[in-house]
Amino acid sequence: MHNSLAVAIDHGILREGHIEIVGAGPGDPDLISVKGRHFLEAADLILYAGSLVPVELTYCAKQGATVRSSASMDLEEQFEIMKEFYDKGKLVVRLHTGD
């Protein structure tokens, strides 16, 4: 039996946005991974788990970036704001606990 896969791409709906999940490590801003720090510095939106991640990890955000805690947001609200930035071709970082 031979299997094949066909994919059709409508270039009119392609988006340029990017969402990156970054682990906050142990929570110390000096101990976040180099790659994670680069994403935080470049992000247009940083959505961080405010009840779990220290706000100090977001202090490296570029000027003009939107930084929001998700502590008081439900999953739908989190998705909406990430989609808004993604649809505009922006870089979104979801900063969460762990490595």
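**View 1. Ser70 in the loop between strand E3 and helix H2.** In this predicted model, Ser70 sits in the loop that links strand E3 (66-69) to helix H2 (75-87). Helices here are DSSP runs of H or I with at least four residues, strands are runs of E with at least two, and both are numbered from the N terminus. Ser70 is buried, at 6% relative accessible area; buried stands for under 20%, exposed for over 50%, and partly exposed for the range in between, with a 1.4 Å probe and protein chains only. Leaving aside residues up to four places away in sequence, Ser70 touches Leu47, Tyr48, Ala49, Gly50, Gln78 and Arg94, where a contact means heavy atoms within 4.5 Å.

**View 2. Helix H1 and its buried residues.** Which residues of H1 are buried? They are Gly36, Phe39 and Leu40. These residues cover an arc of only 100 degrees around the axis, which puts them on the same side of H1; the arc is taken over the directions from the helix axis to the C-beta atoms. The buried residues of H1 pack against E1, E2 and strand E4 (91-96). Look to the other side of H1 and you will find Val34 and Lys35 exposed.

View 3. A salt bridge is a side-chain nitrogen of Lys or Arg within 4 Å of a carboxyl oxygen of Asp or Glu. Glu41 and Arg37 are 4 residues apart in helix H1 (residues 34-42), so about one helical turn separates them. An α-helix has 3.6 residues a turn, so residues three or four places apart point the same way. Glu41 is partly exposed at 33% relative accessibility, and Arg37 is partly exposed at 34%.

**View 4. The salt bridge between Lys62 and Asp44.** The structure holds 4 salt bridges, and one of them joins two loops. The closest N and O atoms of Lys62 and Asp44 are 2.9 Å apart. Lys62 lies in the loop between strand E2 (45-48) and E3, and Asp44 in the loop between H1 and E2, so the pair ties together parts that are 18 residues apart in sequence.

View 5. The side chains of Asp87 and Lys83 form a salt bridge with an N to O distance of 2.5 Å. Both residues belong to helix H2, where 4 residues, about one turn of the helix, lie between their positions. Asp87 is partly exposed at 35% relative accessibility, and Lys83 is also partly exposed, at 35%.

**View 6. Leu52 in the loop between E2 and E3.** Leu52 has its place in this loop and is exposed, with a relative accessible area of 52%. Which residues does Leu52 touch, not counting those up to four places away in sequence? They are His96 and Thr97. Leu52 and Ala24 are 28 residues apart in sequence, and their C-alpha atoms are 9.4 Å apart in space.

**View 7. The whole chain, for orientation.** From the N terminus on, the elements run β-α-β-β-α-β, giving 2 helices and 4 strands. Buried residues make up 32% of the 99 residues. Among contacts between residues at least 6 apart in sequence, 60% join residues at least 24 apart. The mean pLDDT of the chain is 88, and 84% of its residues reach 70 or more; pLDDT is the predictor's confidence in each residue, from 0 to 100. Confidence is lowest in strand E1 (residues 18-23), at a mean of 94, and highest in E2, at 98.

**Notes on the views.** Residues are numbered from 1 along each chain as its sequence is written, and side-chain values use heavy atoms, with hydrogens and water left out. Local features need pLDDT of at least 70 and side-chain atom pairs count only at pLDDT 80 or more, while totals for chains, interfaces and linings use all residues.
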